[in-house]
Structures are given as structure tokens and as C-alpha cells.
Amino acid sequence: MSQVRIHNFAISLDGFGTGAGQSRETPFGHAGERLHEWFVGTRYFRSKDGLPGGTQGVDNAFAEQHEPGIGAEIMGANKFGPPGWQDDAGWTGWWGPNPPYHSPVFVLTHRPRPSVEMDGGTTFHFVDATPEEVLAQARAAAGDTDVRLGGGATVIREFLAAGLVDYMHLAVVPIVLGRGVRLWDEQESLEQTFDIQAVSSPSGVTHLSFTRK
């Protein structure tokens, strides 16, 4: 059976996966881009935009694991758009006409709408379902490949609570946000079900890898 994997999900030192005050102008709230500066500066990310250069080493090695073997993605409503996007029939996500997924993407929302096919092979499917139900749909779409759980923090918490995550890579960024959406709420004793490894990077980011026992 295909695995459920999380890659390059950034959190602050105090455990927030996004800041407070998300809007169309501020996708990550008051955190801005601070959680993801390490990622967008890697050679992997810059090459996706056709840009030269970029950091190598530990950060780039983890960044490069984002795509191989992935056949579908699951994301929450707040990753797809700002509060109220369901009222905008023309909203198709933050990423323009050619999103970076290039695979079926299942968006969890209490207000489903017809699927939207984008350039580059991405199709957004909008479903109101439990983690188990949407995972069954994503696995059917992914075939023999794995399913990536893209976040945000609320969706990751739900999948962890349901015991559905096989591998999780977190990038702990050396900033303190103080408010926003926390990843670790109600995740007591997570270390009992995962083997955890930590790798430090010269950027100051600590990469945590959780592999289900």
C-alpha cells in the first residue's frame, strides 16, 4: 500500500505552522515568508523557477525529497486559499494557472465544488470527507505511488491523530511566532509511534524526520 508522506513542512520554534491573520495578501499571516526562506533559497527550489544558484547541503537534500514517488496530494482548505475563498467561484489557489503539483490534489473543505483542471497536470478535487475517506480517494488516484500530505497544521494533526502518517519531515525554523496555528496541540506521546531523527543545517534550520515504527 502507498505511504502517506509529509515533506518540508516548516514550523517555528514554538510550533506554529502558519502565523495569525491569513488573508489573500498574506498567505501565512503575520509570519510572512520567514518560515520558508530556507526552502525558497535552495538550489532545488530555484531550479524549478529556472533560476541559477541556490543553497546546497542539508537544506537542499531535504528539499529534493519533496516530489519523487508522489502521485497525489491532500491539503486543507486554508492551504488552498484565504478565509472565504469558497465564496469566490473564480478562486483556483495561490499558484497561478500552472500549480506546482502536477498531480491530483484533494482539498478538504466543508463546501465542495466541481473539480478544476489546471495546466501542467494538476486537478483540484474538493471533498468533504474524513481523513480515512479522502486518503482512500487519493490512494486510488496515486496508484502505486505515495500520497503527500501538504498541510496545513490542522490537517496534519488530524491525520496524525488517525494514525495515517507514515513519514513526516519537519523543518524547525529558528524564529518565534507567538501566535497562529500550532502543529503540536493534542499530539502527546507522538514519539512512541515514530522513530525520530534530527539533522542540523548551517542555515539554523533543524530537520526532524519522523518514521512510523
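Helices (H or I, at least four residues) and strands (E, at least two) are DSSP runs, numbered from the N terminus. The structure is a predicted model, in which local features need pLDDT of at least 70 and side-chain atom pairs count only at pLDDT 80 or more, whereas totals for chains, interfaces and linings use all residues. Residues are numbered from 1 along each chain as its sequence is written, and side-chain values use heavy atoms, with hydrogens and water left out.

Strand S1 covers residues 4-12 and includes Ser-12. With a relative accessible area of 1%, Ser-12 is buried (buried means under 20% relative accessible area, exposed over 50%, and partly exposed in between, with a 1.4 Å probe and protein chains only). Apart from residues up to four places away in sequence, Ser-12 touches Leu-35, Val-172, Val-173, Ile-175 and Leu-177 (contact means heavy atoms within 4.5 Å).

In the UniProt record, an unreviewed entry, residues 6-191 carry the feature "domain: Bacterial bifunctional deaminase-reductase C-terminal". UniProt positions are given in the numbering used here, feature names are shortened, and annotations may be inferred rather than shown by experiment.

An open sheet of 9 strands is formed in the order S5-S6-S4-S3-S7-S1-S8-S11-S10, with mixed pairing (two strands pair if DSSP finds at least two bridges between them). Strand S5 (116-117) and strand S10 (194-200) stand at the edges; each has a single partner strand, so one side of each is left without a neighbour in the sheet. Strands of a sheet pair through backbone hydrogen bonds, either parallel or antiparallel.

Strand S3 (residues 70-76) is mostly covered, 7 of its 7 residues being buried. S3 runs parallel to strand S7 (residues 146-151), to which 5 bridges join it; within this pairing, Ile-74 has Leu-149 of S7 as its bridge partner. S3 also pairs with strand S4 (residues 104-108) in the parallel sense, over 4 bridges, and Gly-76 stands opposite Leu-108 of S4. In S4, 4 of the 5 residues are buried, so this strand is largely enclosed by the rest of the structure. S4 pairs in turn with strand S6 (residues 123-127), in the parallel sense and over 5 bridges, and Pro-104 stands opposite Thr-123 of S6. An antiparallel pairing over 6 bridges links strand S8 (residues 167-173) to strand S11 (residues 206-212), where Thr-211 of S11 is the bridge partner of Tyr-167.

Helix H5 (residues 131-142) packs on the sheet and touches S1, S3, S4, S6 and S7, and its direction makes about 155° with that of S3 (axes are lines fitted to C-alpha atoms, for helices over the stretch in contact, and angles run from 0 to 180 degrees between N-to-C directions). H6 likewise packs on the sheet, touching S1, S3, S4, S7, S8 and S10, with its direction at about 130° to that of S7. Within helix H6 (residues 153-161), the residues Ala-153, Val-155, Ile-156, Arg-157, Phe-159 and Leu-160 are buried. Gly-163, which follows H6, has a positive phi near 70°.

At 1.5 Å a residue, the 12 residues of H5 should span 16 Å, in agreement with the 16 Å between its end C-alpha atoms (the expected span of a helix is 1.5 Å times one less than its number of residues). Pro-131, Val-134, Leu-135, Ala-138 and Ala-142 are buried in H5. They cover an arc of only 105° around the axis, which puts them on the same side of H5 (the arc is that of the directions from the helix axis to the C-beta atoms). The buried residues of H5 pack against S1, S3, S4, S6, S7 and H6. Just after H5, Gly-143 adopts a positive phi of about 65°.

His-36 lies in the loop between strand S2 (16-18) and helix H1 (37-40) and is buried, with a relative accessible area of 16%. Leaving aside neighbours within four places in sequence, His-36 is in contact with Ala-10 and Phe-28. Phe-45, in helix H2 (residues 43-48), counts as partly exposed at 27% relative accessibility. The C-alpha atoms of Phe-45 and Thr-55, 10 residues apart along the chain, are separated by 9.5 Å.
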